[in-house]
Amino acid sequence: MEIADLPIPPDLAASYARRGITELYPPQAACVEAGLLLGKNLLIAIPTASGKTLVAEMAMHHQVERGGKCLYIVPLRALASEKFEEFSGKGLRVGIATGDLDRRDDYLGRNDIIVATSEKVDSLLRNRTPWLAEITLLVLDEVHLIDDPSRGATLEMVVAKLRHKNPAMQIIALSATIGNPGDLAGWLDAELVESDWRPVDLREGVFFQNGIQFADHNREVGRQSKYEDLDLVLDTVEEGGQCLVFVSSRKNAEAFAKRAASGLKLANPTLAGYADKIRSNAGTDMGRILAACVAQGAAFHHAGLAREERQIVEAGFREGEIKVIASTPTLAAGLNLPARRVIVRDYLRFNAGEGMVPIPVREYRQMAGRAGRPHLDPYGEAVLIAKSEEMIGELFDCYIDAPAEDVRSQCANEAVLCTHILSLIATNFARETGEVLRFMDGTFYAHCGESPRALSRAVDRVLEFLREAEMITEVGEWLEPTEYGSLVSRLYIDPRSAEVIVTAMTGRKEYTDIGLLQLLCSTPDMLTLYVRRNDMYLLDRFLADHRDELWMEIPWDAGEGFDRSLKTALLLLDWANEVGEETICERYNVGPGDVYGVVESVAWLVHASRHLARLFAPHLAGPIEEMELRTKHGIKKELLPLIRLRGIGRVRARRLFNNGLGSLEALRAAGPEKVGKVIGQKIAAQVFEQLEGVRDEIEEVGEEQATLFRFG
DNA sequence: GTAACAACGATATAGACAGCATGTC
DNA sequence: CTATATCGTTGTTAC
């Protein structure tokens, strides 16, 4: 099928032509035949890299040409910015809405295409964003994630809410290969387009001893080291390709990268450049190891990396300079980063409570699908490693030839249902129990006919919890949100978290930093760190001296959960006391990426608890607000006045303070020149410009107060 | 007596969304 | 309870 013959805007066709795309891939053509450009709903279950994005893009341009508006939902922030870049500059107004970066919400509605994470859309719905009612095309990327135990229900509820609002809206769902695409398609009233066609040939095989067995042929792999996995990498690199190696833990990723580095022993100025950049930014051990590996053409990739380190590794691999990345599943689901050979080395992964469990087939597919770069590699290879002869057949059966798992709704899970039911009531999607249940009829859960009684029992229990917590009230048969309930819904925190926080705040405890932090770290919304045996000493020592500073009673059977919350809280306390990043990473055995992760996570919860404090414990609002700024910036109390200035972060604020310039008055008294000596003339000038403004503000406030006083 | 190394046992284990209002060195 | 790689300790050998 020729692109020129399609009813899409000429500008778009021209931009494809410039990129050398003149004809559709077979699965793309199948989408058009199934009614893509006729407004039909589609579920497109085709492999990664076979052109799903292009399909969605054509439909979006087609809709906008007819005056429509499109919402493109993705599961990850990184994916949101990737898609945003991709859709921008093709004639349409594109907006992006994620937690980090968003255009003003009302302004967002002026775009033709809005890219957002599912949680952000949920939050926009809760805040009654008007333009959501104007959506005529909804694109769901990676829709199979509806199966995710913790986040899947959000996507499901968002889809149900949007369909409820805009019944005529077209839906295009993009999915990996799944076991029951028919069920999903049925739910969405969509035509199913299924295919396993790929632009690059994919060969899947199992390595054993000295060769890879594929379905129809074998391939020798020269043995040159005592490590099988390393030989597999060297084999591809010698041939001019790159490798992605998926392993089960961060340690494994780092260890493999080290091994690969000493096996490759590459060296060139570009690699040295990457290495220098990493080394100059990172003070941590991990960063130094990464730099050393990158210098020799290998790298590792996991969530402990700082953002910049990730970017360098990804860019270096895309440029073809870095030959191998050893990665945890970070790279499997996220970015588009293909390589000629993908090695799935660890197909068992540690799972809390279960020990080592085999990864799902779908995840294997996702990793294997990264093999083969379109237009660059002659073919792609996905390789599993067998430890014994018997394993060869087993791996073929369990992964290569195995059908993908079914996706199942996660809606009946009480823990996640809690937050969604509250939001239904808070936003008037449902005003009585019957309406809640009727709304749930529109979910994937109900469509699959999974036990309706289990769902209604779960709903009852959730409603009871919400009533008891006084987040909703029941007047006759009517359900209404209380001020508390609607606040919790808008703050976008789990009602169970809110209960934990409010209960502790109203317990008349004296404010302590660690009390607040540990409390927040024990809520289900908080991302907490693993506790190793080594950490226990640190925790015990803290408890010995500061036990009474905690707000929470230490449960007599304090288990892993408590330890994790305390460890995370201690890290955050260090952070807010300006302990250096390197010290923190060493002390808690984490990477810089983890530090930013927990800081971001807690900053959000501190913000939420400040709002809760205003409602339930006003005397705590002040100290919590201070803590909000301190966690956000990583500063001690004494820098609070300075941090409010634009252009002043934790480093400059500390410099000023140490030079005796700890307050706005001190800055004013010192004058621009003296301040300039500490933080540079240019920034100093900026600061003084603001100081004028601040003075005006203070005077204004003063007048207002004076006025009030007069009337009082 | 000491260095190098094998054998063994203890140890530890992936990822990541949201609020809000603007800007680090 | 499940698996695997790493790392520290102890035990062994070679000079």
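**Notes on salt bridges, ring pairs and a charged patch**

1. Glu432 has a relative accessible area of 19%, so this residue counts as buried. Buried here stands for under 20% relative accessible area, exposed for over 50%, and partly exposed for anything in between (1.4 Å probe, protein chains only). The areas themselves come from the Shrake-Rupley method with a 1.4 Å probe, and for residues only the protein chains shown count as cover. The side chain of Glu432 meets that of Arg438 in a salt bridge, at 3.7 Å from N to O.

2. A word on the basis of these notes: this is a predicted model, where local features need pLDDT of at least 70 and side-chain atom pairs count only at pLDDT 80 or more, while totals for chains, interfaces and linings use all residues. Residues are numbered from 1 along each chain as its sequence is written, chains are lettered from A and ligands numbered from 1 in the order in which they are written, and side-chain values use heavy atoms, leaving out hydrogens and water.

3. How many salt bridges does a search of the whole structure find? The count is 40, with a salt bridge taken as a side-chain nitrogen of Lys or Arg within 4 Å of a carboxyl oxygen of Asp or Glu. Side chains of opposite charge can pair when their charged atoms come close.

4. Two further examples are worth a look. Arg345 and Asp346 meet in a salt bridge at 3.0 Å, N to O, and both residues are buried. Salt bridges that share partners also build one network, joining Arg219, Asp235, Glu239, Arg340, Arg341, Arg373, Asp377 and Glu381. Arg66 and Glu65 make a salt bridge at 3.3 Å, N to O; Arg66 counts as exposed because its relative accessibility is 53%, whereas Glu65, at 47%, counts as partly exposed.

5. Now to the aromatic rings. Rings of Phe, Tyr and Trp (its six-membered ring) pair if their centres lie within 6.5 Å; planes under 30 degrees apart are called stacked, over 60 edge-to-face, and the rest tilted. The count by this rule is nine aromatic pairs. One of them is the tilted pair of Tyr364 and Tyr399, with 5.5 Å centre to centre and 45° between the planes. This pair links distant parts of the chain, 35 residues apart: Tyr364 lies in helix α15 (residues 361-368) and Tyr399 in helix α16. Helices are DSSP runs (H or I, at least four residues), numbered from the N terminus. Tyr364 and Tyr399 are buried.

6. Trp575 and Tyr596 form an edge-to-face pair, with 6.4 Å between centres and 80° between planes. Here too distant parts of the chain are linked, 21 residues apart, with Trp575 in helix α25 (residues 560-576) and Tyr596 in helix α27 (residues 592-616). Is Trp575 buried or exposed? Its relative accessibility is 5%, so Trp575 counts as buried; Tyr596, at 44%, counts as partly exposed. Elsewhere, ring pairs link Tyr347, Tyr364 and Tyr399 into a cluster.

7. On the surface, Glu389, Glu390, Glu394, Asp397 and Asp401 gather in a patch of negative charge. Such patches take residues with over 30% relative accessible area and no salt bridge, and like charges are joined within 9 Å. Asp and Glu count as negative, and the charge is placed at CG of Asp or CD of Glu. Asp397 sits in helix α16 (residues 389-400) and, at 56% relative accessibility, counts as exposed.

8. Last, Ala160 belongs to helix α7 (residues 152-165) and counts as buried because its relative accessibility is 6%. The C-alpha atoms of Ala160 and Gly442 are separated by 5.9 Å, although these residues are 282 residues apart along the chain.

Methods
Patches are made of residues with over 30% relative accessible area and no salt bridge: like charges are joined within 9 Å, nonpolar side chains (Val, Leu, Ile, Met, Phe, Trp, Tyr) within 5 Å. Helices (H or I, at least four residues) and strands (E, at least two) are DSSP runs, numbered from the N terminus.
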